Amino acid sequence: MIRSISLLIALTSAAVAAGPTVTSAAKTKPSNAWRDYPTRLVENLPDYKPTTDGALSTYGGIKSNQQTATGFFHAVKTGNRWWLIDPEGWPFIHVGVVAVAPPGNKSAPPEGWAEATTNLLHANGFNGAGAWSNTDSLRASKHPVVFTMIWNFMSAYGSKRGGMYQQAGHMGYPKDCIFVFDPQFATFCDEYAKRLAATKDDPWLLGHFSDNELPFYIKTLDNFLSLPADEPGRKAVDQWLADRQAKHPGDTSITDEKRQEFLGFVTDRYLKITSAAIRKYDPNHLCLGPRFTGQSLKSKSLFEAAGRHLDVIAVNYYNAWSPDPEQTANWVKWSGKPFIVTEWYAKGMDSGFKNTTGAGFVVKTQADRGRFYQNYTIGLLETRGCVGWHWFKYRDNDPNAKGADPSNLDSNKGIVNLNLEPYPPLMQAMSELNHQVYSLADYFDHR
């Protein structure tokens, strides 16, 4: 495995072949028809001269326009662009990979795994590890990467309370209603958050995800109204409607405006409780939220609530070949905070996998996966509100894994295969862009 990674590190010095503006064939499912998508590559950007970023800090920030150093990561807006600022005060973009862990995510990985893996990441311009990574091993390596921690405030409480079940990509709740109005939830969060104190002084920690993909749906109001009358959530929605009706007499219908307001109300309560618990035991690191996805990414009320409680807003952003400029601009405008994309990917049909699970695009080859990576991240850098991204994920799905999430079966999502061997065409394209992240940000800032 280490020999394979060393070989790839040598290979990634080669640039992706030059060429004209391109389109890439992709589809949302293997059974669908191929569709051509316009694809921007580094080599095709108008008036951009491909280069390599200048001197980098200890953590991978760019040594230019130094800001106040706090010893930990924080977010600031300079000019028209949001940045993370690393512990030394340098502007930083978190370029990471999700689930950086050996097979089985063992607490004691194979000898040499952490060093070989962090070397692979650094050689290809990655400076971070996303959710579900083997952070202890990565942190102990000679050349660490900036890591994140994912917690389960709501789902851990739900498992204790009862009624939880597995869905594709995340846990399910009765009637798709989280237990945020339970009287015991805040007390549980305070106790649960005590474990965060163990890493509160670690400068390599970027921040905390509070949960993953909670059901913040447009019809959350309808869902809570379908709960039994004695449920805390039902009592809360009844009271919310009564309070609203007192302000708007005669307005008894369920409208989309009310649905949006209630979604913001639920989001605000969840984030107020969980962020307070996180900051009580770890005041030094960023609150990143529960990794919003799907319908929630179109909700103004949700992002307004997120802006009141989070430092950076984590989004799992699927079903977009290129980031939607209007949508991403709204996230920043509504919240007043930057965002980080914490899941996205494409699966190659040349990998030997069926690729029938998961939300990412299907493409023909590993080279096409690399083109998608460049196109997508170019779009993120262009927004000026994105402070990082995490590719999903490090290793391909293991079709023999027991108890795996239904969305993680038999699909080519990794930057390495099941034998921990990297995909050179994918990695070459990733490396080319990653080593120019700050130069590309500067390019878009001056257009």
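Select Arg81 and Trp83: arginine 81 lies over the face of tryptophan 83, at 5.9 Å from the ring centre. The model is predicted, and every value on this tour is computed from it.

Next, select Arg369 together with Tyr423. Here arginine 369 sits over the face of tyrosine 423, with 5.7 Å to the ring centre.

**Aromatic pairs**

Now colour Phe, Tyr and Trp. Over the whole structure, a search finds 43 aromatic pairs. Pick out tyrosine 59 and tryptophan 204, whose ring centres are 4.5 Å apart and whose planes meet at 50°, so this pair is tilted. Tyrosine 59 is in the loop between strand E2 (35–39) and strand E3 (74–78), while tryptophan 204 is in the loop between helix H5 (185–192) and strand E11 (205–209), so the pair ties together parts that are 145 residues apart in sequence.

Move to phenylalanine 188 and tyrosine 192. Their ring centres are 5.6 Å apart and their planes are at 20°, so the pair is stacked. Both residues belong to helix H5, where they are four residues apart, about one turn of the helix. Phenylalanine 188 is buried, as is tyrosine 192.

**Helix H10**

Go to helix H10, residues 325–335, and select glutamine 327 within it. Is this side chain's residue buried or exposed? Glutamine 327 has 16% relative accessibility, below the 20% limit, and so counts as buried. Display its surroundings, leaving out residues up to four places away in sequence: glutamine 327 then touches Leu297, Lys298 and Tyr317.

**The cavity**

How many cavities of 30 Å³ or more does a search of the whole structure find? The search finds one. The largest cavity has a volume of about 40 Å³.

The lining of the largest cavity has nine nonpolar residues and two polar ones, with no charged residues.

Terms used
Residues numbered from 1 in each chain as written. Predicted model: local features only at pLDDT ≥ 70, side-chain atom pairs only at ≥ 80, totals over all residues. Heavy atoms only, no water. 1 Å grid on protein atoms, 1.4 Å probe; cavity = no way out; pocket = protein on both sides within 12 Å on 5 of 7 lines; lining within 4 Å. Points joined across faces, edges and corners; volume = space filled by probe spheres on them. Nonpolar A, V, L, I, M, F, W, Y, C, P; charged D, E, K, R; others polar. Phe/Tyr/Trp six-rings, centres within 6.5 Å; stacked < 30°, edge-to-face > 60°. Helix = DSSP H or I, 4+ residues; strand = E, 2+ residues; numbered from the N terminus. Buried < 20%, exposed > 50% of the residue type's maximum accessible area, 1.4 Å probe, protein only. Lys NZ or Arg CZ within 6 Å of the ring centre and 35° of its normal. Contact = heavy atoms within 4.5 Å.
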